[in-house]
Amino acid sequence: MSYIEFLTTYSDRFIDGTLVTLGQFGLAVVVAIVVALASGLMKMARSKILRSIAVVYIELFRGTSLLVQLYWFYFVMPLFGVTMDKFTVGFLTVGLCYGAYGAELVRGAIQSVPKGQWEAALALNMSPAQRMKRIILPQALVAILPPWGNLMIEILKGTALVALISVADLMFETRQVNSNTYLSAQAFGTALIIYYIFARFMVTPTMRWLERVMARKIGRA
């Protein structure tokens, strides 16, 4: 079977898997952003309770394997009465895992804002929430976007593991096609190309565009 015939025969399965992967990636990114921002701010809070919660979450998810986390949420949590469908388990676990890494990026970016900016906001009699929203976060966002672009690619690659809990994503469909045809080079080669296209021509250009937009907004273009 030629590669063109292979693609013609199994294109529907690759397309279906790709759409599921895109859904997993998009939802995982939303979860990661929300959790990273919340945890990064909590780790800098004055409250010891908030800091402790953030530290426990960050160290737990950074210190354990994403695969173990997937299995824990899917197989173990139902024993405690918490049951979720496999699609939800997939993006939620990936988002929580990489959100822990993102939390440290958020904290570092906020702390990188020059001290004079904090003092100027305080001199304008802004509340802590106003200082963070209007002065600190916009500047921190410029610093966080380059490393966050790398994290987005890691999230995309991390979604491939959801196939191990039978989420019918691109990798799951690829494995099924390979099991049916034993054409490993064609099957996994196609998956490799699709993942590369997403990372190189979707995620990377989007993050670079955001970097330029935010740099212009605060006058650092």
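A cavity here is a set of points, on a 1 Å grid over the protein atoms alone, where a 1.4 Å probe fits but cannot get out. Its volume is the space filled by probe spheres set on the points, which are joined across faces, edges and corners.

This is a predicted model, in which local features need pLDDT of at least 70, side-chain atom pairs count only at pLDDT 80 or more, and totals for chains, interfaces and linings use all residues. Residues are numbered from 1 along each chain as its sequence is written, and side-chain values use heavy atoms, with hydrogens and water left out.

**View 1. The largest cavity and its lining.** Searching the whole structure turns up one cavity of 30 Å³ or more. The largest cavity holds about 30 Å³ of space. Which residues line the largest cavity? They are L22, F25, L156, F198, M202 and V203, where a lining residue has an atom within 4 Å of a point.

**View 2. The helices around the largest cavity.** Two elements, α1 (3–43) and α8 (184–217), each give two or more residues to this lining. With three residues, α8 gives the most. Helices are DSSP runs of H or I with at least four residues, and strands are runs of E with at least two, numbered from the N terminus.

**View 3. The chain that these helices belong to.** You can count eight helices and zero strands in the chain. Of its 221 residues, 41% are buried, meaning under 20% relative accessible area with a 1.4 Å probe, protein chains only. Along the principal axes, the C-alpha atoms fill a box of roughly 70 × 45 × 20 Å.

Notes
Buried means under 20% relative accessible area, exposed over 50%, partly exposed in between (1.4 Å probe, protein chains only). On a 1 Å grid over the protein atoms alone, a cavity is a set of points where a 1.4 Å probe fits but cannot get out, and a pocket is an open set with protein on both sides within 12 Å along at least five of seven lines; lining residues have an atom within 4 Å of a point.
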